[in-house]
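The following explanation leads through a two-chain structure, beginning at the interface and moving on to selected side-chain interactions.

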Amino acid sequence: MAKSLMIVDDSATMRKIIMRTIRMSGLEFDRTEEAGNGVEALEKLNAAPVDIMLCDINMPEMSGTEVVRKVRELSSCSETKIIMVSTESSQDVMDSVMADGANGFIAKPFTPEKFQEKLSPYMN
Amino acid sequence: MIDEICFSAALLEGAKEVFETMIFMDLEEPSEPDEQIEGDSFLGSITFTNSIEGCLAIRCSVPCAKNIAANMLGIDTPEEVNEEEVCDALGEVTNMVMGSVKSRIQTETGELLVSIPTVIHGQNLASSLGNRMSKVFVKVDAGDEEIIEFSFLYREGDK
Ligand SMILES: [Mg+2]
């Protein structure tokens, strides 16, 4: 089944790296969106929900944890899988963002294999 | 208080991990330890607080910063990378090296709260946070006769 993806990260460089790493992992999406902050992400999700959202945590204005809480308030995104992609490695932060509704976590720096491992369960 | 050797190893290992996996650059011990960064440079820095507080900084020459950004962006011509792209890329490198170092020292320092990175461009740049700071400094060779400096300034924090 065709899948859609959104990458939310304040760094344009990081969004490109994530895109390239996903291509290298062999995963294919029929639609990919990008957002440079939480507000943009929510606007785009309101217009068209996605199957998988990759979300940074350390972002100015709206943190990734807040984005997760807001996305979970959108009924149209109840099926969206949210994977955090962050340098944040503390168990406390991970536990709380998972409790808020995230589905998984990929640490930066990452490899194509990591994306393959974490995303493939949601690709069918 | 954690000793400096522990921080210096964590800084070097953390930097190597980020550069190898995300920037496709191998960092080596500098062949000439006295070599300095000439002319304008870029400095990326990020602050942290909790049991210890301070800042981690990365400094390199303009051509080296452009190489880093070009590698991250998958661009073959580093000279075409603009200043905004360099700042964005270097900020993300700083963020990742901090994350990588943090995960290596976490058992000793406990949780560290990290800021958003900032990047500046100019001459004779150095990070300073006033008195009573311990400083760990690591210099590496990034190929093409380029060196990169990593520094970690810290003191005991409030917690
Ligand atoms: Mg970020």
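Contact here means heavy atoms within 4.5 Å. By that criterion, 23 residues of chain B are in contact with 19 residues of chain A. The model is a predicted one, in which local features need pLDDT of at least 70 and side-chain atom pairs count only at pLDDT 80 or more, while totals for chains, interfaces and linings use all residues. Residues are numbered from 1 along each chain as its sequence is written, chains are lettered from A and ligands numbered from 1 in the order in which they are written, and side-chain values use heavy atoms, with hydrogens and water left out.

The interface can also be described by its buried area, that is, the accessible area (1.4 Å probe) that two parts lose on being put together, summed over both. Between chain B and chain A this area is about 1,800 Å², and carbon and sulfur atoms give 55% of that value. On the side of chain B, the residues that lose the most area to chain A are B:Met22, B:Glu92 and B:Ile116, which together account for 28% of what that side buries.

Polar interactions also cross the interface. A polar contact is a pair of N or O atoms within 3.5 Å; within protein, one must be able to donate a hydrogen and the other to accept it, and residues adjacent in sequence count only if both atoms are side-chain atoms. Between chain B and chain A there are 12 residue pairs in polar contact, both residues being at pLDDT 80 or more. Secondary-structure elements are DSSP runs numbered from the N terminus, with helices (H or I) of at least four residues and strands (E) of at least two. The elements that give two or more residues to the side of chain B that touches chain A are α1 (4-22), α2 (62-73) and α3 (83-109) of chain B. The largest share of that side, 10 residues, comes from α3(B). By class, the residues of this side divide into nine nonpolar, eight polar and six charged, where Ala, Val, Leu, Ile, Met, Phe, Trp, Tyr, Cys and Pro count as nonpolar, Asp, Glu, Lys and Arg as charged, and the others, Gly among them, as polar.

A salt bridge is a side-chain nitrogen of Lys or Arg within 4 Å of a carboxyl oxygen of Asp or Glu. Over all chains the count comes to 15 salt bridges, and between chain B and chain A it is two. Salt bridges that share partners join A:Asp9, A:Asp56, A:Lys108 and B:Glu92 into one network.

Attention now turns to the strands of chain B. A salt bridge of 3.2 Å, N to O, joins B:Glu149 and B:Arg59. This pair links distant parts of the chain, with B:Glu149 in strand β6 and B:Arg59 in strand β2 (residues 52-61), 90 residues apart. B:Glu149 is buried at 9% relative accessibility, and B:Arg59 is buried at 11%. The side chain of B:Arg59 also makes a polar contact of 2.9 Å with the side chain of B:Ser41. B:Ser41 lies in strand β1 of chain B and is buried, with a relative accessible area of 0%.

A pair of aromatic rings is described by the distance of the centres and the angle of the planes. Rings of Phe, Tyr and Trp (its six-membered ring) pair if their centres lie within 6.5 Å; planes under 30 degrees apart count as stacked, over 60 as edge-to-face and the rest as tilted. The structure holds six aromatic pairs over all chains. The rings of B:Phe48 and B:Phe152 are stacked, because their centres are 5.0 Å apart and their planes at 15°. B:Phe48 lies in strand β1 (residues 41-50) and B:Phe152 in strand β6 (residues 147-156), so the pair ties together parts that are 104 residues apart in sequence. B:Phe48 is buried at 1% relative accessible area, and B:Phe152 is buried at 0%. Ring pairs link B:Phe7, B:Phe48, B:Phe152 and B:Tyr154 into a cluster.

Terms used. Buried < 20%, exposed > 50% of the residue type's maximum accessible area, 1.4 Å probe, protein only.
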